[in-house]
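Subject: Handing over the structure

Hi there,

Here is the structure I promised to pass on to you. Please open it alongside this email, and then read on for what turned up.

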Amino acid sequence: MSLLEETIAAIIPPDDIYRAKARERLEQLALPYWSLGRLMDLAEDLAGITRSLHPPVAGKTIVTMAGDHGVVAAEVSKYPQEVTPQMVHNFVRGGAGINALARQAGAVVVVVDMGVAADLSELAAQGKIIAKSIGPGTANMAVGPAMTREQAVKSLEGGIEVAQKLANSTDVFGTGDMGIGNTTPSSAIVAVLSGLPVAEVTGTGTGIDEAQRLHKIAVIEQALMINAPDKRDGLDVLAKVGGFEIGGIAGLILGAAALKKPVVVDGFISTAAALIAFTLCPTAAAYMISAHQSVERGHRAALEVLGKKPLIDLELRLGEGTGAALAMNFVEAAVMILTEVATFAEASVSEAKT
């Protein structure tokens, strides 16, 4: 079997016995029943995912996947493509939004070159980024497939390899992205896999105006008409209208699920990648924690397909993994509730009258 096939075969549902044990303890905590709401839900989920009543969450890693997109030639973005490698250098220097928020959360940022249209070999040689480049950016999906099926598999397997490489130091993965133009393929993926019209799932990305958004919609509709991606085949969707970093994120999610580790999924681009992972292996969704509700209009539709409710809504739209970094605070809080709050018996507190 290929690495992708082996990984998918290794993904099994979370453990119901540990979920039940966690719920039993949570129901006995010295506080009104389930009064910490979704944090308690999350604690139960983490127990099942990790097969532990003391879910390990100390090792937090945000994996920011970077890649460029040929569809930028169709003028769908407000920023030029050279911003992608410039931001990779900024990540490495520690000066980006994700660096600040990861530091606050106690998380490490790992940058992966999945297909940036620039020479980043020096950064890779210095060990400052992980090199998994499939090529110098995808082809223009508005005139043909973004990549070959073989490249799609390679991008997924690159993400799986990153998960495996980081497994010993990581308890909780977070996803992040960097790639000028990547809301365009993400909107295309969401349109295909949700069945919704392109206009309903296409937003303003880096801040384009309404006229530019309408142009972006037309470009995506053209790409879908030319490429006719098969919604039943996640690999076909990724190859026809995806991105190398989107494939890398999807692979990271599959890899984390196979390792029985939770993965905090960032915003719109990461959730489009999560849809690809879900299409390839529906069981992987049980290992996904949705970080936040993005203001990108297609994000809500993508989350509905996954059956996920985001932890926070702060009107974020930066990407990079920033929402995942913020949400990791809630992951840690959920574990502390499970492990540090006393039960009624432990605290010698009278329970509610029945």
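Predicted model: local features only at pLDDT ≥ 70, side-chain atom pairs only at ≥ 80, totals over all residues.

Residues are numbered from 1 along each chain as its sequence is written, and side-chain values use heavy atoms, with hydrogens and water left out.

Rings and charges

There is 1 aromatic pair in the structure. It joins Tyr33 and Trp34, whose ring centres are 5.8 Å apart and whose planes meet at 40 degrees, so the pair is tilted. (Rings of Phe, Tyr and Trp, the last by its six-membered ring, pair if their centres lie within 6.5 Å; planes under 30 degrees apart are stacked, over 60 edge-to-face, and the rest tilted.) Tyr33 is exposed at 55% relative accessibility, whereas Trp34 is buried at 14%. (Buried means under 20% relative accessible area, exposed over 50%, and partly exposed in between, with a 1.4 Å probe and protein chains only.)

Trp34 also has a charge over its ring: the charged end of Arg23 sits 4.3 Å from the ring centre. Likewise, Lys21 lies over the face of Tyr18, 4.9 Å from the centre of that ring. (This requires NZ of Lys or CZ of Arg within 6 Å of the ring centre and within 35 degrees of the ring normal.) Trp34 is in the loop between α2 (16-27) and α3, and has a positive phi of about 55 degrees although it is not a glycine. (Helices, H or I with at least four residues, and strands, E with at least two, are DSSP runs numbered from the N terminus.)

Arg51, another residue other than glycine, has a positive phi near 55 degrees. Arg51 lies in the loop between α3 and β1 (60-67) and is buried at 19% relative accessibility.

The largest pocket holds about 460 Å³ of space. Its lining has 26 residues, with Asn182, Thr206, Arg317, Leu318 and Gly319 closest to the centre. (A pocket is an open set of points on a 1 Å grid over the protein atoms alone, where a 1.4 Å probe fits, with protein on both sides within 12 Å along at least five of seven lines; lining residues have an atom within 4 Å of a point. Points are joined across faces, edges and corners, and the volume is the space filled by probe spheres set on them.) At least two lining residues come from each of α4 (83-93), β4 (172-178) and α12 (268-280). By class, the lining has 10 nonpolar, 11 polar and 5 charged residues. (Ala, Val, Leu, Ile, Met, Phe, Trp, Tyr, Cys and Pro are nonpolar, Asp, Glu, Lys and Arg charged, and the others, Gly among them, polar.)

The second largest pocket has about 340 Å³ of space. Of its 15 lining residues, Asp41, Leu42, Asp45, Met288 and Lys308 lie nearest the centre. Two or more come from each of α3 (37-50) and β6 (288-290), and α3 gives the most, with 6 residues. This lining divides into 8 nonpolar, 1 polar and 6 charged residues.

Two more residues

Thr7 is in helix α1 (residues 3-10) and is buried, at 4% relative accessibility. Its side chain reaches the backbone oxygen of Leu3 at 2.7 Å. Gly106 sits in the loop between α5 (97-105) and β2 (107-115), and is partly exposed at 48% relative accessibility.

Happy exploring!

Terms used: Polar contact = N/O pair within 3.5 Å; in protein donor to acceptor, adjacent residues only side chain to side chain.
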